[in-house]
Amino acid sequence: MRIAVVGGGPAGLYFAALARSLDPAAAITVWERNAPEDTFGFGVVLSDETLGGIEDADPVFYALMAEECARWDDIDIHLRDTVTTVGGQGFAAIGRKKLLQLLQGRCRELGVSICFRTEAPDPDVLRRDYDLVVAADGANSGVRARYAGAFGPSRVLHRNKYMWLGTDLVFDAFRFHIRETPYGVMQVHGYPYDATGSTFIVEMHEDVWRLAGFGEWAGSDFPAGVSDERSVARIAELLGDTLDGHKVLVNNSKWQSFGTITNAAWRHDNLVLLGDAAHTAHFSIGSGTKLAMEDGLALAACLHEQPSIETALQAYEAERRPVVASTQRAAQASLQWFENIGHYIHQEPEQFAFNIVTRSRRITYDNLRLRDPEFMARMDAWFARRTVAPDGAPASTLAPASTVAPASTVAPASTVAPASTGEPVGPPTSTPPMFQPFRLGDLWLSNRVIVSPMDMYSASDGVPGAFHLVHLGARALGGAGLVMTEMVCVSPEGRITPGCTGIYGPKQERDWARVVDFVHRHSAAKIGIQLGHSGRKGSTKLMWEGMDEPLEDGNWEVAGPSSIPYSPVSQIPRELSRADLDQITEQFVIATRAAARAGFDLLELHCAHGYLLSSFLSPLSNHRQDAFGGPLVNRLRYPLEVFDAVRAEWPEKRPVSVRISATDWYEGGNDVEDAVQIAAAFAEHGADAIHVSTGQVIKDERPEFGRSYQTPYADRIRNDLASRYHVAVIAVGAISSYDDVNSLLLAGRADLVAVGRSHLYDPHWTLHAAADQDYGGPGARWPEPYQAGRRKPPTGRTDGPRPRLTLLREPATGTRHARWRPGTAHEGRS
């Protein structure tokens, strides 16, 4: 086999070495236009996982690398005058020049031909003369550009500016230096790479960059290899004290904006993309060289395993795409966190440290408990202390950690197990965040978990039946602090489907009161009602008969802010007049009174998902020319009118929340900046909580689905509004694990977390989460009849106690806190 590799970086060289080791008869040639000693940057970080793959694939090369790597476990977060250390991370780094030297030597040893200072032949010639052409020529790949029609590349530039620098100060751990300057927040990412120096990356939002004066030289054209010395001098002036008087080093150092690269395809006939030519991921998760070398390993392995080049390239792309997509999602979350770092600067150092370490959502609460249990014990204690309201703190968002709701709001003791039922009740410091209580207005919740509103489409004439009693009752028995109804409609024509519930008649009110009474009598949960009007999304079939499809028989007229249908097959809605709006407002008022009489603890106004009030908020569905259309302040007018009317009728001591769609997932629609203004407007009018969902406003939306994919919007709203309003924020959206719930709460991304589908899978999800975490305190009350099942049952066959088979046991070492000490072995300290 004849293989041509364009690009002599880590991706191309590592692939060439592995491919040659697997097939010594292969003729492999690498073209690199630079000299062997030329490289830009300083050090690269590799994970323990990647190093393990290298060791397995090529023990000889691994041994060479291991001798040169800096190894350490700690991350130091410098914020204001505090340094917070998180251990147990397991880092390795190596100088970029040294890595390339080792790879070049390994390739020569294996018989790979490397042509330095040589441009690769024309790609068409390579494809004709070689069996396989590997484009490993970096983020600005010329080969990819040549065949852009086949690969379908995309590059998205982001808002932060950054510069790669070095220093002769040898850090002993990974460092984040967060600096509040007169121009805004600047951050330094620093890590050692050998016994002589460290990488020193300076990053800031482009607005901060301009205010600090760096934009004055933005138009300067620096040739390859030439650094922006004026900016470097300015950096030394602003941030030089972080280096304790040591030098700032340059190597082609100039300002950049990170570009996330994706490709619709990675292969075209006998041509394949590798490393940064195929994809990029933000440097803040240390992923570029890691992904490149993992690509090289996978491609070499697939060529060896598959019967043809075509099937090998298919297998390579199928294997690597999901891994890369997952890494890019994590990198995107990390990148956005740093773009919005100014919103977190108000946090206390402990919470900020947890937040920055968990920013990509790959490291979580449970994961950190394994890595650094001492740090997490301190964090649990910190969260418990902050749950007890200090002087001046907003009482509406805080509750004593050791306090169960006042007796007047607790369900009868005969049906709810008291705290002293045999389960150990740990001190507040041992309580997972999700089981800390919460005060919402004057309503006490025993924990931070909400059963999300979920339409069941199982009512008759709007009346909740036995199904709803069992459905909501079961979830209340399952331990959540608050159980929400589905959207309960304020009129027959305000229903989504014929199976939707309502509260516009006495029979509906009586049956809802029956559900509320069951929840209050038999559980410690509170129950909330979500009121809404379907608007232009009404008169459709049941979900399982055809979601969003219009009814064929028995349909009713739909209405909205404008005569714009939800989808091409939907009814064209009637544009509502002022008189229509007044009538609908009165329907909300009547429903609010009925919900109060039925005994609901909380009322939520549904202003999300494209229903009536949501469709007023979005410019995609609201094209009105009157006082209710146009700019956001006008589009807010009617939803706020309804909110004010509802709030005036709802009992003063019972809270009101508002659910919003924080983005329409479509160009020209609302996005996060609009969502912050919408949330602030409702908070200004007296909302106790903002429930942050997204989308479902138009049929052609393009959501970016993924684990906890909506939580960045809740995060942004909570931290933006924190200094202005005493309003709680509820996160929702693909949150399925208690680990994620704890992570969101402890990082300050939400005050409460709504979990939907996981409660359909397991009605007792919250109690089972408590059992899995060995928690038995007041935040997880097992009903008296269920007491016998409060411990997790054994699964499968067990062999009983294991005998001692070692003479001397290894002592428990605690958290690894190894620091980089050049010339010493990598050993942890407890």
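Student: How many aromatic pairs does the structure hold?
Tutor: The structure holds 24 aromatic pairs, where rings of Phe, Tyr and Trp (its six-membered ring) pair if their centres lie within 6.5 Å, and planes under 30 degrees apart count as stacked, over 60 as edge-to-face and the rest as tilted. This is a predicted model, in which local features need pLDDT of at least 70 and side-chain atom pairs count only at pLDDT 80 or more, while totals for chains, interfaces and linings use all residues. Residues are numbered from 1 along each chain as its sequence is written, and side-chain values use heavy atoms, with hydrogens and water left out.

Student: Why is the pair of Phe 176 and Phe 338 tilted?
Tutor: Their ring centres are 5.9 Å apart and their planes stand at 40°, so the pair counts as tilted. It links distant parts of the chain, with Phe 176 in strand E11 (residues 174–181) and Phe 338 in helix H11 (residues 309–339), 162 residues apart; helices (H or I, at least four residues) and strands (E, at least two) are DSSP runs, numbered from the N terminus.

Student: And Phe 176, buried or exposed?
Tutor: Phe 176 is buried, with a relative accessible area of 2%, and Phe 338 is buried at 1%; buried means under 20% relative accessible area, exposed over 50%, and partly exposed in between (1.4 Å probe, protein chains only).

Student: Switching topic, what lies over the face of Tyr 611?
Tutor: Lys 537 does, at 4.7 Å from the ring centre, where a charge sits over a ring if NZ of Lys or CZ of Arg is within 6 Å of the ring centre and within 35 degrees of the ring normal. Arg 654 likewise lies over the face of Trp 650, at 5.3 Å from the ring centre.
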